[in-house]
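Have a look at the model first, then go through them alongside it.

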Amino acid sequence: MTVKFNFEVPAETSGIFTDEANQFVESLHNKFSAKISELLQARASRQEGFNNGKLPDFLPSTKEVRSADWKVRDIPLELLDRRVEITGPVDRKMIINALNSDVKVFMADFEDSLSPTWENVAHGQQNLYDAVRKTISFENPANGKKYALNDDPAILMCRVRGIHLQEKGMLVNDEVPYGCLVDFGYYLFHNAKELMNNGSGPYFYIPKLQSHTEARLWNEVINFAEDTLNLPRGTVRVTCLIETLPAVFEMDEILFELKDHIVALNCGRWDYIFSYIKTFQNDSTRILPDRYQVGMGQPFLNAYSRLLIKTCHKRGAMAMGGMAAFIPSKDPDENKVVTEKVMSDKLLETNNGHDGTWIAHPGLSDIANNVFSNAFDSGKTNQMHIMREDDLIKQDDLITACDGDFTENCFRANIRVSLRYIEAWLRGVGCVPIYGLMEDAATAEISRSSLWQWVKHNIKMDTGAVASAEVFEKILDEEYNVVQEEVGQNSLDSGKFVEAKSLLKDLVLSDELTDFLTLPAYRSI
């Protein structure tokens with residue numbers, strides 16, 4: 001057998017890893033693994049150019065694609081109303097609660113909100129298999145409470161891992177496969193025809209694209225998969241996250257490469273902020289201020305939202321807004337603040353012309369639904385008629401850093417958030433409520449990359465302290481003690497905080513910004 005497992009396959013998931021399914025994933029690996037490796041090399045070369053002062057810009061070589069008149073394939077009817085989507089990991093209880101929420105779509109996430117332990121990945125595939133067949137159920141062993149799907153659950157979408165992540169739970173021809181091919185392959189193999197028989201289809205979210213050549217690869221993967229499984233062309237439909245700074249300059253090209261399969265682009269705002277820091281890591285004129293001040297109202301982020309809408313609607317695709325990561329509070333005063341922030345954020349999106357938005361907690365669905373429903377013209381389920389034709393967005397609009405404060409409070413908060421998130425991820429938990437926000441890998445990336453950027457460029461903070469390596473190490477020790485008080489000694493002893501602290505220290509003090517914190521962290525799970 002050319003597919004081998006490095007860990008035991010959980011007994012209840014053995015139906016996922018059948019010989020036929022394994023052979024399909026093997027065929028994807030054999031055909032596309034080398035191409036993915038080449039694209040990752042191209043990413044590294046491109047980043048080297050940015051590190052040496054080159055600025056991201058619209059590509060002269062693809063000007064024809066941007067100026068030509070073309071549209072993507074017609075969007076399936078059931079995907080024309082995506083006003084509110086909820087996201088979360090592929091955890092069994094989470095899937096049931098999310099599909100039962102008052103939303104149009106649930107995006108089941110193998111990526112930013114999942115710590116990809118082999119057990120989590122294997123169980124995630126089984127959980128989605130059961131969800132597709134509407135047989136998924138869960139009983140809480142602690143209190144006996146039972147969970148099952150409602151009669152009219154949300155539409156299911158699957159977000160696969162980015163191309164940079166591997167799956168060490170398997171070997172294919174004695175090689176470690178890419179996680180995206182594993183996630184995509186098993187989900188499509190088992191569920192495509194079942195979904196089609198139910199009048200739906202296999203819908204995916206594709207994250208972390210950095211170029212149209214990566215979109216071209218995904219188009220090749222999807223075409224090959226459709227042909228191999230005897231699925232009509234266009235069966236697989238995808239939404240691509242525009243969450244890297246290089247990709248925002250290639251949105252037309254990304255839509256063009258995937259025009260038989262793509263239905264929307266999405267503003268992946270948190271990873272986009274992280275990507276901004278990464279792209280300009282050596283540029284002392286483009287330092288971002290406090291994380292909590294870098295919102296969608298900032299000019300460079302608002303320009304990104306408007307350009308995405310303009311590009312999508314011109315090409316017949318939908319333009320999805322970004323995540324509200326807030327968690328409702330039981331305290332009425334605190335919850336009032338949360339409500340106002342979420343409403344302001346969603347009003348900005350509807351005013352720009354977005355067709356839908358994301359939430360991380362079902363308690364926000366009423367607010368998001370009301371804002372988007374009120375924005376839609378009578379009888380419409382989206383805002384695809386808003387073209388923004390007179391809105392001219394140039395290179396400088398997308399790359400000019402915003403103003404803001406550089407506070408020691410935020411520096412300290414970034415350390416605590418990073419410590420708590422990394423510790424949870426190392427324990428196998430990828431989505432964590434911290435200080436009133438639902439933190440995932442994308443939001444944690446902002447915290448740790450901001451720390452790196454401030455230390456790299458010796459930023460002077462509001463207290464007069466300079467964010468040097470020495471100051472960071474001193475504050476890291478202090479905030480580690482704060483976290484100890486917050487979580488309690490028992491949690492500290494039984495968790496992985498020592499490892500998290502060591503990893504965060506290495507990430508912040510490294511000479512170059514590590515591509516993704518999940519890469520070194522993955523070696524420890």
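1. A word on classes before the linings come up: Ala, Val, Leu, Ile, Met, Phe, Trp, Tyr, Cys and Pro count as nonpolar, Asp, Glu, Lys and Arg as charged, and the others, Gly among them, as polar. Please keep in mind that this is a predicted model, where local features need pLDDT of at least 70 and side-chain atom pairs count only at pLDDT 80 or more, while totals for chains, interfaces and linings use all residues. Residues are numbered from 1 along each chain as its sequence is written, and side-chain values use heavy atoms, with hydrogens and water left out.

2. Let me start with the barrel. Eight strands form a closed barrel in the order E2-E3-E6-E8-E9-E10-E11-E12, with parallel pairing. Helices (H or I, at least four residues) and strands (E, at least two) are DSSP runs numbered from the N terminus, and two strands pair if DSSP finds at least two bridges between them. From one strand to the next the twist averages 30°, with axes fitted as lines to C-alpha atoms (for helices over the stretch in contact) and angles running from 0 to 180 degrees between N-to-C directions. As one example, E8 (residues 203-206) and E9 (residues 237-242) run parallel and are joined by four bridges; there, Ile 206 stands opposite Cys 240 in E9.

3. Next, the open space. On a 1 Å grid over the protein atoms alone, a pocket is an open set of points with protein on both sides within 12 Å along at least five of seven lines, a cavity is a set where a 1.4 Å probe fits but cannot get out, and lining residues have an atom within 4 Å of a point. The largest pocket has a volume of about 710 Å³, where volume is the space filled by probe spheres set on points joined across faces, edges and corners. Its lining counts 30 residues, with Trp 270, Tyr 292, Phe 326, Lys 341 and Leu 437 nearest the centre. H9 (269-279), E11 (318-324), H11 (332-352) and E14 (437-439) each give two or more residues to this lining, and H11 has the largest share, with seven. By class, the pocket lining has 18 nonpolar, six polar and six charged residues.

4. On cysteines, the structure holds zero disulfides (a disulfide is a pair of cysteine sulfur atoms within 2.5 Å). Cys 312 is buried, at 0% relative accessible area, and Cys 267 is buried at 1%. Buried means under 20%, exposed over 50% and partly exposed in between (1.4 Å probe, protein chains only).

5. Finally, two backbone spots to check. Asp 174 has a positive phi of about 65° although it is not a glycine; Asp 174 sits in the loop between E7 (170-172) and H5 (179-197) and is exposed at 58%. Lys 208, also not a glycine, has a positive phi near 60°. Lys 208 lies in the loop between E8 and H6 (212-228) and counts as buried at 3%.
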